[in-house]
Amino acid sequence: MRGTDNARTGGEILVDQLSIHGVRHVFCVPGESYLAALDAFHDSTITLTVCRHESGAAMMAEAVGKTTGLPGICFVTRGPGATNASAGIHIARQDSSPVIMFVGQVGRQMRDREAFQELDYRAVFGSVAKWATEIDDPARIPEIVSRAFHTACNGRPGPVVVALPEDMLHERLAVPDATAFTPAETSPGAAEMKRLQEMLASAKRPIALLGGSRWSATACEAFAHFAERFALPVATTFRRQYLFDNLHACYAGDLGIGPNPKLLARVKAADMVLLIGGRMSEMSSQGYTLFDIPEPRMKLVHVHPGAEELGRIYHPTLAIHATPTAFCAALETQQPLKEIPWKGEVAAAHADYLAWTDKATQVPGPVNLGEIVVWLRENLPVDAIIANGAGNFAGWIHRFYRFRKYATHVAPTSGSMGYGFPAAVAMKLLHPDRPVVCVAGDGDFLMTGQDFATAVQYKLPVIVVVADNSLYGTIRMHQERDYPGRVVATSLTNPDFVAYAKAFRGFGAIVEKTADFPAAFAAAQQSGKPAIIHLRIDPEAITPAATLSGIRQNALADAKHATHRS
Ligand SMILES: Cc1ncc(C[n+]2csc(CCOP(=O)(O)OP(=O)(O)O)c2C)c(N)n1
Ligand SMILES: [Mg+2]
């Protein structure tokens, strides 16, 4: 309880700083290590969502950071709480999302004795967080929390971990608050923009690649106008399809896992690449094969908010240290200096994209995930949010869904299983009026599926479409390629997902043939409850283009050839 003497507990000072910095939602699993901070939420207007597992809490926070550009916040207890949450911290790192995780810590008087659940958070999170620290003096809470917000957001965003010794949170004192933070924008210089214009004037086959974070709906629109003026084909990097309207005439597709071969050829043939916001990391660069390292064959303009990313892997012809938001604002004045020679290219690139994604491919079994994704893209409103984690099932979303608006896809570029469901819960909390659909694998969903209870508790009617092939399918696919016929640790015996949903007091329906999906989806929506639609997928349908036994046969045939040759 707050005193009348202006003194506050460390916990109260902390929660007040969160309000000042604009936090509206916090995700947590409680712990006795930070009771005084929890108590301060009692009288706060911040919404506190209590989760069933810290990985869920951290992933919900990451989804908030990813889609709003402002730090997503989670609170977890010391030791096992923090290590459980680490999956979400790793996603924030790889996906360049601002997150602040507050962790309870043992009292200052017993530190370094390896007291109950004690960890050294600076050491544990040292290589994954952007900054990991501990607050020793409650008088410094405003300073350190302010720095945490700035650090999480500035430059290339990422996770910050702040440990809170238990007794520090109880101490009472009077300290002045910080003022609200604003993420620093880094703007391109006039000389760089002029050089860009000149490079475009001498290019013959340029292409733009959009990725990373620090975008906004306004920036995406400004970029679309720029692309129109320059008739520029635009592709997106892995899991960043929402950065450019997929039905815009300049859209050329995404560089993810198993991309359109025509898009790959187009990027390889480009004489100039304008890479904005992305790092061109392993997935998008097709295992670092797309651009030569360190000197790409083509001219590379790399725009990135983190100075340290420029020249880290690829030596850019022109490095522009700027946030995508500030860079796109600066593009408003860019006009072509002369007639554009590549005008026909943009129409061809978009036609290639449409042809690649138009119709679902045929796959074995009565349920075709591709056709279901096509149904979703044709029936959901443009502002619907799709969330997913990792697994082969996601390949159908990437290929067949068409993202039209900024931040309508929430998925981990880090490839972390279990992400989609908590991300969907967080999105429904932020956007109760928009449909939120999580497409999950059977393996993927059960990594964080216990937070279905959280969706029920807070009445967040997300719809989870579980593509159940009774496999850790991705790994089985790799297994059949590398060790054909030798199945190890990739078969799953699953629960009855409809009964699971109902046991949690949600809605459940099973779909055993594609044609039954629309009715199941309508019933899920009408239930008004969190829902699971259980798709029984034939394990043979391992990708939109390959079957499991086909992969095995190819691998066995290759092995036979190799033996004959040797
Ligand atoms: C947290 C985590 N653990 C393990 C992996 C390795 N992995 C990648 S995909 C995959 C299997 C996914 O299975 P499922 O969700 O059922 O999707 P499917 O591939 O069967 O469509 C595994 C184990 C991972 N990416 N993330
Ligand atoms: Mg599976």
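Which side chains meet in a salt bridge at 2.7 Å, N to O? The side chains of Asp95 and Lys66 do. The pair links distant parts of the chain, with Asp95 in helix H4 (residues 80–95) and Lys66 in helix H3 (residues 54–68), 29 residues apart. A salt bridge is here a side-chain nitrogen of Lys or Arg within 4 Å of a carboxyl oxygen of Asp or Glu. Helices (H or I, at least four residues) and strands (E, at least two) are DSSP runs, numbered from the N terminus.

The structure is a predicted model, in which local features need pLDDT of at least 70 and side-chain atom pairs count only at pLDDT 80 or more, while totals for chains, interfaces and linings use all residues. Residues are numbered from 1 along each chain as its sequence is written, chains are lettered from A and ligands numbered from 1 in the order in which they are written, and side-chain values use heavy atoms, with hydrogens and water left out.

By the salt-bridge rule, the count comes to 26. In the pair described above, Asp95 is buried, with a relative accessible area of 0%, and Lys66 is buried at 10%. Buried means under 20% relative accessible area, exposed over 50%, and partly exposed in between (1.4 Å probe, protein chains only).

Arg111 and Glu134 also meet through their side chains in a salt bridge (2.6 Å, N to O). Arg111 lies in the loop between strand E5 (99–105) and helix H5 (121–124) and Glu134 in strand E6 (residues 131–134), so the pair ties together parts that are 23 residues apart in sequence. Arg111 is partly exposed at 26% relative accessibility, whereas Glu134 is buried at 10%. In a further salt bridge, the closest N and O atoms of Arg140 and Glu143 are 2.9 Å apart. Arg140 is partly exposed, with a relative accessible area of 41%, and Glu143 is partly exposed at 44%. Arg205, Arg266, Glu345 and Asp352 are joined into one network by salt bridges that share partners.

The loop between E5 and H5 also holds Asp120, which is partly exposed at 47% relative accessibility. The side chain of Asp120 reaches the backbone nitrogen of Arg122 at 3.1 Å. Asp120 and Arg78 are 42 residues apart in sequence and 9.8 Å apart in space, C-alpha to C-alpha.

Arg402 is located in the loop between helix H14 (394–400) and strand E16 (409–410). Arg402 is buried yet has no salt bridge, and Asp358, the nearest side chain of opposite charge, is 4.5 Å away. For charge, Lys and Arg count as positive and Asp and Glu as negative; His and the chain ends are not counted. The side chain of Arg402 makes a polar contact with that of Thr357 (2.8 Å). A polar contact is a pair of N or O atoms within 3.5 Å; within protein, one must be able to donate a hydrogen and the other to accept it, and residues adjacent in sequence count only if both atoms are side-chain atoms. Leaving aside neighbours within four places in sequence, the residues in contact (heavy atoms within 4.5 Å) with Arg402 include Asn246, Tyr353 and Arg377.

Arg377 is among the buried residues of helix H13 (residues 369–379), which also include Leu369, Gly370 and Ile372. At the start of H13, a side-chain oxygen of Asn368 reaches to within 2.8 Å of the backbone nitrogen of Gly370.
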